[in-house]
Amino acid sequence: MAGAEYAGGFLMAEVVLYGTRMCPYCIAARRLLRGKGVEFQDIAVDGDPALRRLIAERSGRTAVPQIWVGEQHVGGFTDLLSLERSGRLDPLLAT
Ligand SMILES: N[C@@H](CCC(=O)N[C@@H](CS)C(=O)NCC(=O)O)C(=O)O
């Protein structure tokens with residue numbers, strides 16, 4: 001699996017966020033990840049209905065953001081926050 005650098009310097013799972021630029025949940029998710037020093041691919045689906053449809057099919061959800069950590073579909077911001085608050089995000093990032 002492709003990895004990315006964590007602030008601590010160790011390899012971590014690739015994190016990909018599909019979202020729109022102005023969506024408040026997307027902004028909150030980016031803020032959470034950046035606050036943790038997590039590097040992630042930030043893929044804009046604004047103006048790309050085909051990509052947005054593909055992400056909806058892959059995630060089973062129509063809302064943005066949709067976030068993956070490696071092969072694991074995390075979901076949206078509230079799912080990400082829930083993982084963080086329960087202490088399960090760091091182990092997932094380190095996989
Ligand atoms: N619980 C979701 C809510 C996300 C959400 O409501 N996103 C809005 C944009 S900010 C959206 O995509 N709405 C359209 C839809 O639900 O299909 C999360 O935390 O990410």
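Reader: Quick one first. When is a residue buried, and when exposed?
Author: A residue is buried if 20 or more other C-beta atoms lie within 10 Å of its own, and exposed if 12 or fewer do. Anything in between is partly exposed. Keep in mind that this is a predicted model.

Reader: OK. Which residues of helix 3 are buried?
Author: Phe-77, Leu-80 and Leu-83 are the buried residues of helix 3. Down the helix axis they fall within an arc of 125°, so they line one face of the helix.

Reader: What is exposed on the other side of helix 3?
Author: Thr-78 and Arg-85 are exposed there.

Reader: And what covers the buried residues of helix 3?
Author: The cover includes helix 1, strand 5, strand 6 (72-75) and helix 4. Just after helix 3, Gly-87 has a positive phi of about 80°.

Reader: Let me step back. How many helices and strands are there?
Author: The protein has 4 helices and 6 strands. Along the sequence, they follow the pattern β-β-β-α-β-α-β-β-α-α.

Reader: How much of the protein is buried?
Author: Of its 95 residues, 26% count as buried.

Reader: Now helix 1. Which of its residues are buried?
Author: Cys-26, Ala-29 and Leu-33. They cover an arc of only 65° around the axis, which puts them on the same side of helix 1. These buried residues pack against strand 3, strand 5 and helix 3.

Reader: What sits on the face turned away?
Author: That face of helix 1 carries the exposed residues Pro-24, Arg-31 and Gly-35.

Reader: What span should helix 1 have?
Author: With 12 residues at 1.5 Å a residue, helix 1 should span 16 Å. Its end C-alpha atoms are 16 Å apart, which agrees. Just after helix 1 comes Gly-37, with a positive phi of about 75°.

Reader: What about the largest nonpolar core?
Author: It has 21 residues. Val-15, Ala-29, Ile-67, Val-69, Val-74, Leu-80 and Leu-93 have the most contacts inside it. The elements giving two or more residues to this core are strand 2 (11-13), strand 3 (15-19), helix 1, strand 5 (66-69), helix 3 and helix 4 (89-93). Nonpolar side chains tend to be buried together in soluble globular proteins.

Reader: Take Ile-67. What does it contact, leaving aside neighbours within four places in sequence?
Author: Ile-67 is in contact with Val-15, Leu-17, Ala-29, Val-74, Gly-75 and Leu-80.

Reader: Switching topic. Which residues are around the ligand?
Author: Cys-23, Pro-24, Tyr-25, Thr-62, Ala-63, Val-64, Pro-65, Gly-76, Phe-77 and Thr-78.

Reader: How do they divide into nonpolar, polar and charged?
Author: The shell around the ligand has 7 nonpolar residues, 3 polar and no charged. Helix 1 (24-35) and helix 3 (77-85) each supply at least two of the shell's residues.

Reader: Last topic, the loops. Where is Asp-46?
Author: Asp-46 is in the loop between strand 4 (41-44) and helix 2 (49-59). With 14 C-beta neighbours inside 10 Å, Asp-46 counts as partly exposed. Not counting residues up to four places away in sequence, Asp-46 touches Thr-20 and Arg-21.

Reader: And where is Glu-14?
Author: Glu-14 is in the loop between strand 2 and strand 3. Glu-14 has 17 other C-beta atoms within 10 Å, so it is partly exposed. Glu-14 and Glu-39 are 25 residues apart in sequence, yet 8.1 Å apart in space, C-alpha to C-alpha.

How values were computed: Residues are numbered from 1 along each chain as its sequence is written. This is a predicted model: local features need pLDDT of at least 70, side-chain atom pairs count only at pLDDT 80 or more; totals for chains, interfaces and linings use all residues. A residue is near a molecule or strand if its C-beta atom, placed from the backbone, lies within 6 Å of it. Ala, Val, Leu, Ile, Met, Phe, Trp, Tyr, Cys and Pro count as nonpolar, Asp, Glu, Lys and Arg as charged, and the others, Gly among them, as polar. Two residues are in contact if their C-beta atoms, placed from the backbone, lie within 7 Å. A nonpolar core is a set of buried Ala, Val, Leu, Ile, Met, Phe, Trp, Tyr and Cys residues joined through C-beta atoms within 7 Å. The expected span of a helix is 1.5 Å times one less than its number of residues. The arc is that of the directions from the helix axis to the C-beta atoms.
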